[in-house]
Amino acid sequence: MKTHRLAAASVAALFTLAACAENPVAPASDASFREISQSFSRGAARSYAFTQFDVPGAFQTAPSGINARGVIVGWYFSGSGCPSAPCVVKGFIFKDGVFTTVVYHNAVTGTDAALTQLRGIGPSGEIVGSYRMAGELAVRFHGFILTTGGEFVPVDYPGHTSTIPQRILPDGTILGCYHDTDQMLTMHGIWKDKDGFSAVDRATTMNNGGTPSGRKITGLFTDMPGTAAEKGRGYVIEDGVFTPFDAPGSDFTAAWDMNPAGTIVGLFKDAGTSNFHGFVLEQWRVLGGALSGTYTTINFPLTPSTNAAYTDVFGVNASGDLVGKFRETATGPFHGYVATPN
């Protein structure tokens, strides 16, 4: 198996990573951060303090994962033509106030990926993500592990068009999905451990988080696809049993991560509206085939009395810190945020 190496350089120069290096990048300016102390989500079971962050010069920032050390990974959109022209999509690592840009580089062909997304980070710093080379179809994604030594190691489910690794657990188990001819109907949740790849025997599923033991996994799927009753839902798999769930009052739910305590995070849409919110689901259990627990609705607070038009939660760590993105207006660009429990 071939590996490729990572390099780091200045975010201000929008560098491409092509060789091994350990050079830190310049810290973002203070203008890239906005801290809002003692804020809380409307109707929340617990309160959070929110901090906004944006990759300097990016059109929009999309955080996806956070580990126990507080290191955040994700991707960002940049380019002088954004959003009317195609934007360049690059991965980022945000550690100790410093952004590092990551672009997948194929050392064999000498070319960079047109799209790089960092999706999850393990407790020791290993990162999983996906990339697409220029000219490839939109359905085509290649998976990788980015090691702490800066190597890109391929992760591809044999016999399938696309592989998207979403999370990496402490023992190296990878969760995510594969798909073939489209982004949903041929998608199956996957995990890869020391024994190889396995998949959920249900189409439209994507495994997005789990406990270190792997006994509990969460994700998203489309129920009754192609019918008038089609609906996006979350699910848990506990000891092999698949249980769907919906956030209260929603007609769309997507679960995006789970921490070691089993806390689930994601987003949902208010039924009959276009209003999206993040959620935190704690102390859940399955009884009689139904899941119940304590929900906290997450809305990024623009002011003490005004919430963002859109908020999601894509990652949660062992301490309960959250990462996600928000829009100030319904059509505005995404900004990243981290929220810590008060």
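This section describes the disulfide, a strand hairpin, the salt bridges and selected loop residues of a predicted model.

One disulfide was found in a search of the whole structure. The bond joins Cys-82 and Cys-87, with 1.9 Å between the sulfur atoms. Such a link is covalent. The two partners fall in separate accessibility classes. Cys-82 is buried, because its relative accessibility of 14% is under the 20% limit. Cys-87 has a relative accessible area of 24% and is partly exposed. The bond runs from Cys-82 to Pro-83, and its omega is near 0°. Pro-83 itself sits in the loop between E5 and strand E6, the latter spanning 88-95. A further cysteine, Cys-177, is buried, with a relative accessible area of 0%.

Strand E14 covers residues 162-168. Seven of its seven residues are buried, so the rest of the structure largely encloses this strand. E14 pairs with strand E15 (residues 174-179). The pairing is antiparallel and extends over six bridges. Within it, Ile-168 lies opposite Ile-174 of E15. The two strands make a hairpin, with five residues between them. Gly-172 is in the turn and has a positive phi of about 95°.

The structure contains 10 salt bridges. One of them joins Arg-167 to Asp-257, with the closest N and O atoms 3.4 Å apart. This pair connects distant parts of the chain. Arg-167 belongs to strand E14 and Asp-257 to strand E22 (residues 250-258), 90 residues apart. Both Arg-167 and Asp-257 are buried.

Arg-233 and Asp-246 form another salt bridge, at 2.9 Å from N to O. Arg-233 is in strand E20, whereas Asp-246 is in the loop between E21 and E22, so the contact ties together parts 13 residues apart in sequence. Arg-233 is buried at 17% relative accessibility. Asp-246 is partly exposed, with a relative accessible area of 24%.

Lys-269 and Asp-251 also meet in a salt bridge, their closest N and O atoms being 2.9 Å apart. Lys-269 lies in strand E23 (residues 264-270) and Asp-251 in strand E22, so this bridge ties together parts 18 residues apart in sequence. Lys-269 is buried, with a relative accessible area of 16%. Asp-251 is partly exposed at 27% relative accessibility.

Two non-glycine residues have positive phi values. Met-224 has a phi near 50°. Met-224 is placed in the loop between strand E19 (216-223) and strand E20 (231-238). Its relative accessible area is 44%, so Met-224 counts as partly exposed. Asp-239 likewise has a positive phi, of about 50°. Asp-239 is in the loop between E20 and strand E21 (241-245).

Gly-70 occupies the loop between strand E4 (60-66) and strand E5 (72-78). With a relative accessible area of 35%, Gly-70 is partly exposed. The C-alpha atoms of Gly-70 and Pro-123 are 9.4 Å apart, while the two residues are separated by 53 residues along the chain.

Note on methods. Residues numbered from 1 in each chain as written. Predicted model: local features only at pLDDT ≥ 70, side-chain atom pairs only at ≥ 80, totals over all residues. Heavy atoms only, no water. Helix = DSSP H or I, 4+ residues; strand = E, 2+ residues; numbered from the N terminus. Buried < 20%, exposed > 50% of the residue type's maximum accessible area, 1.4 Å probe, protein only. Disulfide = S-S within 2.5 Å. Pairing = 2+ DSSP bridges. Salt bridge = Lys/Arg side-chain N within 4 Å of Asp/Glu carboxyl O.
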